[in-house]
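Student: Hi, I'm new to this one and would like to go through it step by step. Could you show it to me before we start?

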Amino acid sequence: MPNTPPDHCPDCGGRLEPVDPPAVQRCGDCGEYEFFNPIPTARVAVLDGTSSADEPSRADETSVLLAKVDVPDRDLWGTPGGMVEAGEDPDVAGARELDEETTLTVDPDDLALFDARTFVKFEATHKTCLCYAVDYADVSGTPRADDEVAAARFWTPAELAAADGHRLLTSWPESYKRLEWWVEEGRAALDRAGAE
Ligand SMILES: [Zn+2]
C-alpha cells in the first residue's frame, strides 16, 4: 500500500504549496498546513534458543520465527508484523499481528523494543518500523500459518542462507535483510531486559 503526499488541501480542496517538501505543505487558499507522515508498523522477532539455565546459548543456534509471504512462486519471509492501528500502542500492535499471522499469543509487556527507524519501501511507501524481541519461552501456542501467511517456522540464519531461493523481504532496509541482525539485536535486547 503506497502512501503519497497529499496533492490538494483536504479542508478546502485548494492547491498545496511546498513548505518543507515532502513532509510539509501549506494550502494556498485557506493557509492550513498539511503534513505527510510515515505509516507506523511493528514487528516481533520470536527467538528460540536464547535462554539457557547454566550455560549461555550460542548465537548460531538461535532461530527466529518467520512468516512466509503469501505470494505465489516467491519464497519471501519476514518477522510477523504489520501496521499500527488507530488507538493502538505499537507493542499491542506487534502482539496482535503475531497472533493474526502465526496464532502465537504474547503479553505486550514481554516485548523488548530494540530498533526503531523510518525508511522508504520501494520508493513509494514511507514507514516507521518498531522492532521487538521476545523469547519463545514467553510466548503461548505453537506457530501455525494463519491470516495472509503461507507458512510459519523457525529459521537459523545458516538454515535460511542455505535454503535455495528463500530470503527475507526484499523491500526492507539492508540490515533487516540479514537474519543475523535480528538474532544479534534481539538477543541483546532480551539480555538487557533480563538484567533489569
Ligand atoms: Zn485549504
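Tutor: One term first: a polar contact is a pair of N or O atoms within 3.5 Å, and within protein one of them must be able to donate a hydrogen and the other to accept it. Please also keep in mind that this is a predicted model.

Student: Okay, which domains does the protein have?

Tutor: The domain assignment gives domain 1, covering 1–37, and domain 2, covering 39–195. Their contact takes 5 residues from domain 1 and 5 residues from domain 2.

Student: And how many residue pairs are in polar contact between domain 1 and domain 2?

Tutor: The count is 0 residue pairs in polar contact, where both residues must be at pLDDT 80 or more, and the count of salt bridges between the two domains is 0 as well.

Student: What do they bury between them, then?

Tutor: Domain 1 and domain 2 bury about 450 Å² between them, with 58% of that on carbon and sulfur atoms. On the side of domain 1 that touches domain 2, there are 3 nonpolar and 2 polar residues, and no charged ones.

Student: How far apart do the domain centres lie?

Tutor: The C-alpha centres of domain 1 and domain 2 are 35 Å apart.

Student: Switching topic: what coordinates the zinc ion?

Tutor: The zinc ion is coordinated through the SG atoms of Cys9, Cys12, Cys27 and Cys30, at 2.3 Å, and along the chain these donors follow the spacing C-x2-C-x14-C-x2-C.

Student: Why is the arrangement called tetrahedral?

Tutor: Because the 4 donor atoms around the zinc ion subtend angles of 98 to 118°, and four donors count as tetrahedral if all angles lie between 85 and 135 degrees. For comparison, the ideal angle for four tetrahedral donors at a metal is 109.5 degrees.

Note on methods. Residues numbered from 1 in each chain as written. Predicted model: local features only at pLDDT ≥ 70, side-chain atom pairs only at ≥ 80, totals over all residues. Heavy atoms only, no water. Domains from an automatic or database assignment. Contact = heavy atoms within 4.5 Å. Buried area = accessible area lost by both parts, 1.4 Å probe. Salt bridge = Lys/Arg side-chain N within 4 Å of Asp/Glu carboxyl O. Polar contact = N/O pair within 3.5 Å; in protein donor to acceptor, adjacent residues only side chain to side chain. Nonpolar A, V, L, I, M, F, W, Y, C, P; charged D, E, K, R; others polar. Donors = N, O, S within 2.8 Å, 3.2 Å for Na, K, Ca; no water. Tetrahedral: all angles 85-135°; square planar, octahedral: opposite > 155°, others 65-115°.
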